[in-house]
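Please look through the sequence and the three-dimensional model that follow, and keep both at hand while reading. The report begins with a pair of strands and then widens its view.

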Amino acid sequence: MEITESNVASPQGDITLYTIKNKSGAYVTLSTMGAGVVAAVVPDREGALADVVLGYKNPLDYIGDGPCAGKIPGRYANRIAGGRFKIDGKEYQLAINNGPNALHGGPTGFMNRNWHGEVKGDKVVFTYHSADGEEGYPGNLDAKAVYSWSEDNRLTLELTAESDKKTVVNLTNHCYFNLDGEDAGSALDHVLQLYASRYLPTDDTLVPTGEMASVEGTPMDFTTAKAVGRDIKEEFPALKYGKGYDNCWVIDNWHKHTLAHAATLRSGRSGRVLDIYTTQPAVQVYTGNWLTGSPLSKSGKEYHDYDAVAIECQGMPDAPNHRNFPSQLLGPGEQYRQTIMFDFKTDKN
């Protein structure tokens, strides 16, 4: 495995980019900005390499970008209703940055921080210290993101965090995938299967109601593989609220700290297949409903709505306000520990 580094000056200090390349020439590029994935270059069924994650031509455009492309949002990924939650009877108020709610940890969040990065063996390790009170969250929290890349094109992300006070934490990766290439246009013809028979209905601000509903008989049913765009225009509340899919599914047979198969995404055109595994209880699928107006792509083109699919393994949105959701509470002496695995393959048929 070969790891190379480069640096780009930014208002937050040098952004360091790390490229991990395997013997076949496939590689990922990672960035200290948001501990993000800025490239994943993998073969199609004919062996041709292409970059399958959306990103920007200018590395500085990752700072404060609306899509949160490839980065790790936090301290709490996804939405918290009204930006409010209680711990031991004390209410905390977070910054509001998504309608009436808090999204992805606030207007800055972990995704817009320049993490510390270093190479340790064949892995790249990012760390970030979040001070007590940052964006309204209690506790000094130390977060770590460890990426590794295998000879058979598997990207593994190990996420850990520790805090000196009771707090809430929910970390994920926010890559946007287009398995035909980041400049290939719409991804609505990609075929998606979710290993999840329930989803979280929301209100019109995309905050969960607390119900876990069956997908059966609804456009939310991906238990059998189907094209991402097949039902996206259906008259269904979840699709109207988000202008497409921007919803959370409950992973079947989830067991804490055990890897489960969350999703399979495939392209019939390129033959690329992405299997995603995780220890997290849920997966948010976002069909890039608001990508138009993003910074220029790595290929110098404009992105448009639905040009990619984000598949974000995570704890459930607004879990601090729903006792029936798996807890995202982290106390002193405890360790938050989750794994997400992106396994790139090809379909030879």
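In this predicted model, strand β11, which covers residues 123-130, pairs with strand β12, residues 141-149, in the antiparallel sense, and the pairing runs over eight bridges. Within this pair, Y128 stands opposite A143 of β12.

Both strands belong to an open sheet of nine strands, whose order is β10-β11-β12-β13-β26-β22-β21-β16-β19 and whose pairing is antiparallel. At the edges of this sheet stand β10 (116-120) and β19 (226-227); each has a single partner strand, so one side of each is left without a neighbour in the sheet.

**The chain as a whole**

The chain contains one helix and 26 strands. For its 349 residues, a compact globule would have a radius of gyration near 20 Å, and the chain, with 19 Å, agrees with that expectation. The C-alpha trace spans about 60 × 50 × 40 Å along its principal axes, and buried residues make up 58% of the 349 residues.

**Backbone features in the loops**

Most residues other than glycine have a negative phi, and most peptide bonds are trans.

The peptide bond from G74 to R75 is cis, with omega near 10 degrees, and R75 is found in the loop between β5 (49-51) and β6 (79-80).

D88 is not a glycine, and yet its phi is positive, at about 50 degrees. D88 is placed in the loop between β7 (84-87) and β8 (90-93). Is D88 buried or exposed? With a relative accessibility of 66%, D88 counts as exposed, because the cut-off for that class is over 50%.

K243 is another residue other than glycine with a positive phi, here near 65 degrees. K243 lies in the loop between α1 (237-242) and β20 (246-250), and, with a relative accessible area of 30%, K243 is partly exposed.

**Cysteines without disulfides**

A disulfide is a covalent bond between the sulfur atoms of two cysteines. How many disulfides does the structure hold? The structure holds zero disulfides. C175 is in no disulfide, and the nearest cysteine sulfur, which belongs to C68, is 9.9 Å away; a disulfide would require the two sulfur atoms to be within 2.5 Å. C313 is likewise in no disulfide, the nearest cysteine sulfur being that of C248, at 9.7 Å.

**Pockets and cavities**

Rolling a probe the size of a water molecule over the atoms shows where empty space is left. The largest pocket has a volume of about 550 Å³. Its lining is made of 28 residues, of which G66, P67, N98, L103 and H104 lie nearest the centre of the pocket. Both α1 and β23 (282-286) supply at least two residues each to this lining.

The structure also holds two cavities of 30 Å³ or more. The largest cavity is lined by N78, R79, L200, T202, L206, P208, D246, N247, C248, Q284 and P317, and the largest share of this lining, three residues, comes from β20. The second largest cavity is lined by L54, G55, Y56, P67, A69, Y176, L291, S294 and Y303.

| Space | Volume | Lining residues by kind |
|---|---|---|
| Largest pocket | about 550 Å³ | 11 nonpolar, 13 polar, four charged |
| Largest cavity | about 40 Å³ | five nonpolar, four polar, two charged |
| Second largest cavity | about 40 Å³ | seven nonpolar, two polar, no charged |

Reading the rows with the model in view, one can see that the lining of the largest cavity includes two charged residues, whereas the lining of the second largest cavity has no charged residues and seven nonpolar ones.

Terms used
Residues numbered from 1 in each chain as written. Predicted model: local features only at pLDDT ≥ 70, side-chain atom pairs only at ≥ 80, totals over all residues. Heavy atoms only, no water. Helix = DSSP H or I, 4+ residues; strand = E, 2+ residues; numbered from the N terminus. Buried < 20%, exposed > 50% of the residue type's maximum accessible area, 1.4 Å probe, protein only. 1 Å grid on protein atoms, 1.4 Å probe; cavity = no way out; pocket = protein on both sides within 12 Å on 5 of 7 lines; lining within 4 Å. Points joined across faces, edges and corners; volume = space filled by probe spheres on them. Nonpolar A, V, L, I, M, F, W, Y, C, P; charged D, E, K, R; others polar. Pairing = 2+ DSSP bridges. Rg over C-alpha atoms; globule rule 2.2 N^0.38 Å.
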